[in-house]
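The following note sets out points for a colleague who is examining this model.

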Amino acid sequence: MQPLSNIESLLYFSPEILLVIFAAAVVLLDLVVKDRESIAVAYLSLVGLGCVFAAVLITHFSFGNADPVSLFLGMVRLDEFSTFFKILLLLATAATVLFSLRSEELDARLQGEYYALLLAITLGMFLMASSTNLLMIFISLETVSLTSYILAGFLTHNPRSSEAAFKYITYGAVASGTMLFGLSFLFGMAGSGDLGHISVRLTELLASGQVSPLAVLIAITFVLAGVGYKIASVPFHMWSPDVYEGAPIPITAFLSVASKSAGFALFIRFFYAGFGSTELMQAVNWPFMLAIVSALTMTVGNLAALPQQNVKRLLAYSSIAHGGYLLMGGVLLSAEGVGAILFYLVVYLFMNLGAFYVVVLIANEVGSEMIEGYRGLSSRAPLVAWAMVIFLVSLAGIPPFAGFFGKWLLFTAVLEQGYYWLALVGLLNSVVSLYYYARIVKAMFLEDYDEEATSVSFSTGTFALLSVFVIPTILIGFLNIFYTFSNISVAVIPM
Amino acid sequence: MLLSLMIFVPLVGMIVVLLLPRESEELVKRVTLLFTLIPLALAVALFISYDRSTAGTQYVVNVPWIQAFNIQYHIGIDGLSVTLLLLTALLGPICVIASWRNIEKGIKAYMALFLLLETGMLGFFAALDLFLFYVFFELTLLPMYFLIGIWGGPRREYAAIKFFLYTLFGSVLMLVAMIAVYLNSNVVNGVADGLRTFDIPTLITLAATQGHALADQHFQIWVFVGFFIGFAVKVPIFPFHTWLPDAHVEAPTAISVILAGILLKMGTYGLVRVNMAMFPQGLHHFTNGDGFLGNSLALLGFINIVYGSFCALAQTDFKKLVAYSSIGHMGFVILGLAARNSEGITGAILQMFNHGVISAMLFLLVGVLYDRAHHREINGFGGLGSKMPVFTGITTLAFMASLGLPGLSGFVGEALSLLGAYEKFKMLTILSTIGIVVGAAYFLWTLQRVFLGNLNPKYEALPEINGREILTLAPLGILTIVLGVWPNFAINMFSESVTNLINVLQAI
Amino acid sequence: MTLQHYLVISAILFTLGIFAVLTRRNAISILMGIELILNSCNLNFAAFSRFMTPPEDISGQVIAIFGIVLAAAEAAVFLAIILAIYREFGSIRPNDVDTLKG
Amino acid sequence: MVVPLISLILLCPLAAFAIFGLLGLAKRSFPRQDYLSTAAMLVGFVCSLLLLREVVPNPETHTVKWISLGSITFSMGFYLDSVTAIMLLVVTLVSSLVHIFSIGYMHGDPRYPRFFAFLSLFSFSMLFLVVSDNLLGIYIGWELVGLCSYLLIGFWFEKDSAANACKKAFLTTRVGDVGMFIGMMMLFTKFKTLSLYGEGGIFTLAASLNTGDMVWLSIAGVLIFCGAVGKSAQVPLHTWLPDAMEGPTPVSALIHAATMVAAGVYLTARMFPILTETSSLVIAYIGGITAIVAATIAIVRFDIKRVLAYSTVSQLGYMMLGIGVGSYVAGLFHLTTHAFFKALLFLGSGSVIHAFHAMHAHAHDDEHDHAHEDHDTHEHAHGDDDAHGHDHEHGDHDLVHAHGSEIPPDQDMRNMGGLRHKMPITFVTMLIATLSISGVPFVFSGFWSKDAILGGVLERAMEWNSVHHYLLFGMALLAAGITAFYMFRLIFMTFFGEPRNQEMHNMAHESPLSMTVPLLILAVLSFPVVNKFWFNADYVKPPEQPHLYAPQHAHVSPDSKTEGKGFALSLFGVSEAVAAEEAGHDTHVDGEHHGHSPAHDIAMVLSICVAGLGILLSWLFYHRRTLSAESVANSFRPLYNLFWHKYYFDEFYDGVLVALTVWKARLFAQFDGSVVDGIVNGVGRLTRDFLAVFVGFFDNRVVDGIVNRVAEVTWAVGGRIRRIQTGAIQTYLFVVLAGIVLLILIFRAL
């Protein structure tokens, strides 16, 4: 399939272009609107996301549907895989916008920049999901990173936010620098930036013994550092708890879901398309490396989550753990594995965002992010409390909620490849995880609290949004469409 | 259809209850009662219309669910499940009535959770697809956690989470085994072809076919162990039992009833439905009577019996005593199953049902006492016999049934299990009979300490058991007597299924 | 000059950068360390593109150029954040900025 | 005709109880439960009279499927032969009489209706046991009668002594029952059935066993017999029966004298065909020992009821001995006769107690609450004992400390004496019973039955000339003598001599009609009226014992009959009796009669002698007082103590067994607490050390329970991980670098 030229590509590129346009529009609108408290910009960006969504569907079903298209001389690729992630990311962004609308910690005077940045970061993630060339990969990665640094530190006059930003950028810069270094070596060895070529060349070179496996190993490890930092996998996870805790809650939610998903998109493309060949894997047994990393990641994430008192931080660690679960699917080089990852990402989107939304609500009403703040919620705001229970239990992976089905797919895939130990580690981890999720539930339901605490009331809008997350969390597992992702993944695996 | 209706009516009930206003508590209770009575009616209908002459599953519903993994919504009943379904459906309304007065806070949430729990239990006993089976199995965890954790006693949080984690741990191993079975379900002579399946009947036949991966002995042994641990936690079998006393002591009466009456049976039911029927070679490996492993299952049964009984003997908390007695009685089930002959298995199944009824009675009785005296310290009572004769009478009945007095249902199950087990495990069975004596000892001792002797002046004014409580106890009591006098009434429900099972076991 | 020389230099640069990042007690010097890392990468790309790829293929140089741009952008953001940090904490010593932990 | 009759016999009492139970749920009770139950019993009695005619030489069984599992079926059913019929008659008769007696005796008890309901339930269970044709059915009835005895012994459960006694009774018998159950398991595993008669029945199958199975069969037999040991209070499980006297006296009469305790003998008799030499011998010895032990203990009791209790035990031993030596008929014969005269004795003592009791009720003008009053009398008891503790045997001293036997004064024979004027009917009837039990020749039924046993033993001894059986004969004889002695001791102390406790004496009075009538009826039955049945060889056919390989002996010729005996026989119209006796103890049965072995004549003579001796001695001791009991007691102090302390059985059980059990229970409970958790802690420690390598040390915490432990470990690990999260960015970066290097190194190595 011949890559399209730049001009031809533009048409297929309409979603990204739309994003750019709307980002600009948001800034402009922000300039014209006098009333600082107005939420016009927010709605404009929502409209924008809507349009982009439409565009994504159109471009996909009109062009990318039949067989993958390669754009801009093979810089980006339009295929089911990228489309899937685009939709996923759009959902996440939209949710984040809605959160931000309800969140009270954000500074109303900076709305314009805020939403513009959100759109920009979405653009970057789109690219991450679809780029097939080292250059694009690096650029998209940096775009996402830079914007998220800013968003993390978006709360002016809030030391925690600034600290988060500072740590994030320092960490991110070093990580991406390291990755870039690795990329440079890949480029050097393959003599090309295109993942496909890299795969082929490296295979040949290794076969002919012109490059030492060590070089490849180093390169891969460096790349892993960059990717691992995006998906917060041990030992590149340490930024995430601090950043998640410091950043504004909507951004935390966004990072924990969207940027993780984008990271996985990149990861899958990179490793499956780039290092998928058997010779490569003989030279460098990176699946095994990933297996170890994933085991470590979930274990560390879960164990560290146990003693947390701050719910945001607790969820940060839990999302690290989930990164570990997801990585299991990446270990396998099987359509089922990728399919499982995609399924889990969808589920994770809903349950994790839902949980964070509840955190937002409680932070607004109770003004606390601590577990004690959740005391007696069962009677003060029963619906919210029960919703939270559903999210948490689903995160813990207990039937009949979607989280269970996701985990089940992952474990099936893992066992199918014969990684029994990994599956066992994962399962025991999910038992451990139940314990800290249960601590929140306990605070909400089991512990007694001061009776005179007033009951909290929420607007219908709130409940509507909440149900947007609750219903999928309950239903996804029972719907067949969601089990067809393994077909998507086939596209990215060179086999 | 009838079956699906029965399973999901409580779920509908839950939704209805949730929609009701929180203030109108009476209404909530009534609605819940209604929605538990419907399944009971259906269960009775099933019980009557069930064709006793065939072993095959009946009222089968089999519609695809998750095609990608060939998972079906496959339910149906055979003699074993219909019996337990009846038990479940029976205990439902009884528990609702039992909770009528003594649940103070959040009656609405309580009833909703209870209904959810009932759906889970009913579904579990009807499921014929391994995946569905597992989903229902886990579905019971959450409501149970809340029911113990919110409405329980002082150490409820601890007990609840302990129960939750313990069971989850078990079921996680079960999950691995389950997936392993699924993955191997299409492998014949090392080559995989065709669809994989979770369908229990299919799997059973596959596991019996020569050269199939499921029929491989080593595989069977490992998978057997996986499932066994999963169910052993629920039963509970000796090393995994420590959650039970805590859970029972903290749980409110009705929940203890469900816990002892149904949830424990889920474990043993699973053993029969999956471990025995699906992995006969695995079973054989642990019950063939030679060596330590060959006796291990029977040994576990024996340990449960003796250990549970002696622990019960040492208790001074009435509820804890009953809890430990449950452990003892489940031991007879294990022993009977280990025997692998018709007497043993029939006895075991009967014992499941009877223990469900009897332990339910016992916990209800403890509840009655607790509601009046607000403590459960056995030595804190005395001489109640003269104060509340009817209560004493019913308690005596329950105790006698539980210690296996012939003419009451407890005896038949125990006797058959032992008769069956003796054929294979002479020494262990003989030792197990110690349990019979000790059982009598702790029950009679309790009877004496609570009801006999001079009336403890503290309880001069203790009111006699009231009509509502009698209403909850009477059906169980009658069932106890009926099954004691005419056990075939239950046995011929599942005798065919048992014969079927025996054939499977003998096939290897 | 062969490829090796460039590689050695860039390796040295990279190591220096990492060293700076790890050891400096001042955010600015950390930033400098980061710049060093990025530049070492750029150098790599340029060198590889010069030696490993056909002359007409300049994708390596392109990447290097983009790298420089991104480095600049990163520097800008970094400095901005350092300002914020200084405002909030009155110091730009990384070790003073450790309220988030555990 | 048979089935409906038996069903009627069973259902009437059951219905009587059911009515009580159902009304009880509604917290009501039938207005005249007493009449209801009594009527039910009388119906049963009439039916069993009718049945007597129905019985034909070859017995019949009627069964229904009870449990059917594939190949195996357990059936329930009736087995009706002459023995069943007679047992039915005896049970219904005695039960009816006891019912009637109770109407007077229990009058005014707060739980009056309940008493009769329980009696009905008992009667049902007992009858069920009697008619069952299979082991399972027998076992069911067996346990049910146990339950009833539990309920009735504990009828006055406010008394701690009663509460203890009923528990003890149930548990002790349960121990035996477990043995029986194991025996059943053995038989079942062998024969795949539990029904005894018919083609597929155990007896038929067992008959075809070869000598190789003898050991096994003997064990099975003995195990089944264990049940009997428990129920019939044979040594070593006899201790519950005397304590059971805490129950109301009619209960003692019905359950603990006439019927339930005899069930053991009945069972053993039913098992007759599968008894092997070994098991027979075991049974015989247990019986013999029991007879002696119990009798000796009885000598030194002062509680009138306990004397009777021990005499019951010893008589039961007799019966067992009879069965054990193969005198099937003799054993059952003694069972029936004993049922009547022992019931009579108990009811008599009951009447005496009632007399005194009424006085007590009057003396402390107490409110109607029977229980409380009863308790008061307890307190009073101590007073009494200490009061005139010294003008009696030294036994008194021990008495106060003796194990669990503080005697209610209205049962203490030392408060009685000279009652024969006060309550003539009671006196006369009891005297008759005593003569009967002591084996006073010819006129009394007891003589015949006891002699039959003695004869049987001696004959077996002579036939096999085995030392064992001679020894057993000696025991039996001795026991017979002692029996006569202590029975007359009872009579003398109670009815003769001077009133020892004047104030009580004055109050005493003859009992009402409802109580005396049963006494009279039973008195009539203490004369040899039932002998007809037993001595009719066509009527009672002892089953064969295929596994009893007896050395066959030529029988001595008929003309060796002694005149005296011939005279006796002809005199009392039981000429065919001894012939049937032959049929009874003969090891092979064929139709026509054999002559007599000298055994019977010798046995008879000896038994008459010992009986006479016993009576004479007790006359000297307790009436003429030419010999003083205490001087004898002193000269045989150790022996006396041994008897007094009932051979220390109770001390042994309480001290050792009970303690052991409780200790074990405690142990297990602790095990649950310490060991299981200990293992857990071990696991935890391992986990900790293992993880310490990676995440460093953390402090050990106190734990209990696996979940807590694992939770704590993991928790601590989490804490450890947190500490790495120092918050200093450069640490993070260092970790990144370290991670990279580590990964590279590891995979370089791979």
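Two residues are taken to be in contact if their C-beta atoms, placed from the backbone, lie within 7 Å. The model under discussion is predicted.

1. Contacts within chain C. Among the contacts in chain C with a separation of 6 or more, 44% are between residues 24 or more positions apart. The secondary structure of this chain consists of 3 helices and 0 strands, and the order of its elements from the N terminus is α-α-α.

2. Dimensions of chain C. The radius of gyration of chain C is 17 Å, whereas a compact globule of 102 residues would have one near 13 Å. The C-alpha trace of chain C spans about 50 × 25 × 25 Å along its principal axes. As for burial, 42% of the 102 residues of chain C count as buried.

3. Pairs of chains. There are 5 pairs of chains that touch, and the pair with the most contacts is that of chains B and D. Chains B and C, by contrast, do not touch: 25 Å separates their nearest C-alpha atoms.

4. The contact between chains B and D. Chain B contributes 46 residues and chain D contributes 41 residues. On the chain B side, helix H19 (residues 426–451) gives the most, with 10 residues. The class composition of the side of chain B that touches chain D is 27 nonpolar, 16 polar and 3 charged residues.

5. The contact between chains A and D. Here 27 residues of chain A meet 22 residues of chain D. Several helices of chain A each supply at least two residues to the side that touches chain D, namely H7 (159–190), H9 (213–230), H10 (239–246), H13 (286–305) and H19 (420–446). By class, that side of chain A comprises 22 nonpolar, 3 polar and 2 charged residues.

6. Helix H15 of chain B. Does the end-to-end distance of this helix agree or disagree with its length in residues? Helix H15 (residues 342–373) of chain B has 32 residues, which at 1.5 Å a residue should span 46 Å; the end C-alpha atoms are 45 Å apart, so the two values agree. Because 27 of the 32 residues of H15(B) are buried, this helix is largely enclosed by the rest of the structure. The residue that follows H15(B) is B:His374, with a positive phi near 60°.

7. The largest nonpolar core. This core has 707 residues, and those touching the most other members are A:Tyr344, A:Met388, A:Leu392, B:Leu85, D:Ala343 and D:Ala476. Helix H15 (residues 335–365) of chain A provides the largest share of the core, 22 residues. Leaving aside residues up to four places away in sequence, A:Met388 touches A:Ala355, A:Val358, A:Ile440 and A:Met444.

8. The surroundings of A:Tyr419. This residue lies in the loop between helix H18 (402–416) and H19 of chain A. Is A:Tyr419 buried or exposed? A residue counts as buried if 20 or more other C-beta atoms lie within 10 Å of its own; A:Tyr419 has 22 C-beta neighbours inside 10 Å and is therefore buried. Residues up to four places away in sequence apart, A:Tyr419 touches A:Ala291, A:Val331 and A:Val414. The C-alpha atoms of A:Tyr419 and A:Phe61 are 37 Å apart, and the two residues are 358 residues apart along the chain.

Notes. Residues are numbered from 1 along each chain as its sequence is written. Chains are lettered from A and ligands numbered from 1 in the order in which they are written. This is a predicted model: local features need pLDDT of at least 70, side-chain atom pairs count only at pLDDT 80 or more; totals for chains, interfaces and linings use all residues. Helices (H or I, at least four residues) and strands (E, at least two) are DSSP runs, numbered from the N terminus. The radius of gyration is taken over C-alpha atoms; the globule rule is 2.2 Å times the number of residues to the power 0.38. A residue is buried if 20 or more other C-beta atoms lie within 10 Å of its own, exposed if 12 or fewer, and partly exposed in between; C-beta atoms are placed from the backbone. Ala, Val, Leu, Ile, Met, Phe, Trp, Tyr, Cys and Pro count as nonpolar, Asp, Glu, Lys and Arg as charged, and the others, Gly among them, as polar. The expected span of a helix is 1.5 Å times one less than its number of residues. A nonpolar core is a set of buried Ala, Val, Leu, Ile, Met, Phe, Trp, Tyr and Cys residues joined through C-beta atoms within 7 Å.
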